[in-house]
Amino acid sequence: MAKGRVRFYSDRCKACELCIKFCPKGALGLDKKNINALGYHPATVVDPERCTGCGTCALMCPDLVIEVERE
Ligand code: SF4
Ligand code: SF4
């Protein structure tokens, strides 16, 4: 199966959770251990093995936080 690598510009994330809700594989979640420059727990990959590199999360993010590379 195709795999993707997801990169977050975490300090721009406002934790709206759109990327998390729309990831068809459930690969994303909020990083409860970190707080970003805006004062939120930023979105992150919680299960990288699930990511197919579909790019939906990057399309959904209103703040251009996410870049997806397909491997
Ligand atoms: S690229 Fe697709 S599968 Fe991977 S985290 Fe984003 S929405 Fe989920
Ligand atoms: S859609 Fe963008 S701003 Fe919203 S939680 Fe995901 S990365 Fe953060």
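Author: Let's start with one residue in this predicted model. Leaving aside residues up to four places away in sequence, lysine 14 touches Leu38, Tyr40 and Asp63.

Reader: Is lysine 14 buried, exposed or partly exposed, and why?

Author: The idea is to count C-beta neighbours around a residue. Lysine 14 has 16 of them inside 10 Å, so it counts as partly exposed.

Reader: How far is lysine 14 from glycine 39?

Author: Along the chain they are 25 residues apart, while 8.3 Å separates their C-alpha atoms. For a view of the whole chain, take contacts between residues at least 6 apart in sequence: 64% of these join residues at least 24 apart.

Reader: Now β1, please. Which of its residues are on the covered face, and which on the uncovered one?

Author: Here is the general idea: side chains in a regular strand alternate between the two faces of the sheet. In β1, the covered face holds Gly4, Val6 and Phe8, and the uncovered face holds Arg5 and Arg7.

Reader: Which strand is joined to β1, and how do the two run?

Author: β1 is joined by five bridges to β4, residues 66-70, and the two run antiparallel. To find the pairing on screen, look at phenylalanine 8: opposite it, in β4, stands isoleucine 66.

Reader: What surrounds ligand 1?

Author: To read a ligand site, list the residues of its shell, then sort them. Ligand 1 has 14 residues around it, with Cys23, Cys51, Cys54, Thr56 and Cys57 the closest. Sorting the shell gives eight nonpolar residues, five polar and one charged. Two elements, β1 and α2 (56-60), each supply at least two residues of that shell.

Reader: Let me step back. What pattern does the protein chain follow along the sequence?

Author: The order is β-α-β-β-α-β, made up of two helices and four strands. The radius of gyration is 11 Å, close to the 11 Å that the globule rule gives for 71 residues, so the chain is as compact as a globular protein of that length.

Reader: What box do the C-alpha atoms fill, and what share of the residues is buried?

Author: Taken along the principal axes, the box is roughly 35 × 20 × 20 Å. Of the 71 residues, 24% are buried.

Definitions and conventions:
Residues numbered from 1 in each chain as written. Chains lettered and ligands numbered in written order. Predicted model: local features only at pLDDT ≥ 70, side-chain atom pairs only at ≥ 80, totals over all residues. Buried ≥ 20, exposed ≤ 12 C-beta atoms within 10 Å, placed from the backbone. Contact = placed C-beta atoms within 7 Å. Pairing = 2+ DSSP bridges. Near = placed C-beta within 6 Å. Nonpolar A, V, L, I, M, F, W, Y, C, P; charged D, E, K, R; others polar. Rg over C-alpha atoms; globule rule 2.2 N^0.38 Å.
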